[in-house]
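Dear colleague,

Please find the structure below. My notes on the model come after it.

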Amino acid sequence: MGVKCRGAFLLLVVAAAASTFGVASANKEWSTVAGNWNHTGADFWWQRHPNRTQAASKRVIVGGDQNWRFGFNYTNWAINNAPFFLNDTLVFKYDPPNDTTFPHSVYLLPDFWSFQNCDLRRARKIGDVNAGGGDGFEFVLKRWQPYYFACGQHDGIHCKDGLMKFAVWPLIRWFY
């Protein structure tokens, strides 16, 4: 009985191997299609081959057409607009305070813990309530380090409840 089981198992293994070989031979150009299973193509942002237009630093408006405002998820915005590179410029635009708008500001938080907890005690103000008017103000990502941004108005309520915070860690442009 043991010999028959071993023979049937061996036959099953040989059939599976032959089938796999046949499928692999028929699809030998898999690495060039969009469904690139071995990740050798340009399917991922860190593998995109740059062209000359990508070599220059970018100027990015924080929040896109939403600007810097209460209730917009800036963490998702940062993830969707990544990667950011050294010497890219972030532009913060927001309305100066008036009767119909809430004031906003921009703080640079010192570490991840402060970012997670919207703790502004050791944060550095980089944009006051009037800085975002008109063309806004610019912040250049000059160092290879994490940057944690948040709105500091109302003792961090805009950061905590208004989702007005995001983090970026600029990459080095390897193609210079």
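What follows covers the basis of the model, then the fold, the confidence and one residue.

This is a predicted model, in which local features need pLDDT of at least 70 and side-chain atom pairs count only at pLDDT 80 or more, while totals for chains, interfaces and linings use all residues. Residues are numbered from 1 along each chain as its sequence is written, and side-chain values use heavy atoms, with hydrogens and water left out.

The chain has four helices and seven strands, taken as DSSP runs (helices H or I, at least four residues; strands E, at least two) and numbered from the N terminus. Their order along the sequence is α-β-α-β-β-α-β-β-β-α-β. Of contacts (heavy atoms within 4.5 Å) between residues at least 6 apart in sequence, 68% join residues at least 24 apart.

The chain has 176 residues, and 33% of them count as buried, where buried means under 20% relative accessible area, exposed over 50%, and partly exposed in between (1.4 Å probe, protein chains only).

Mean pLDDT (the predictor's confidence in each residue, from 0 to 100) is 80 for the chain, with 68% of residues at 70 or more. In residues 23-39 it is below 50, and this stretch has ten contacts in the model beyond near neighbours in sequence.

Phe-112 belongs to helix H3, residues 112-117. Phe-112 is partly exposed because its relative accessible area is 47%. Its C-alpha atom is 8.8 Å from that of Ala-167, 55 residues away along the chain.

Regards
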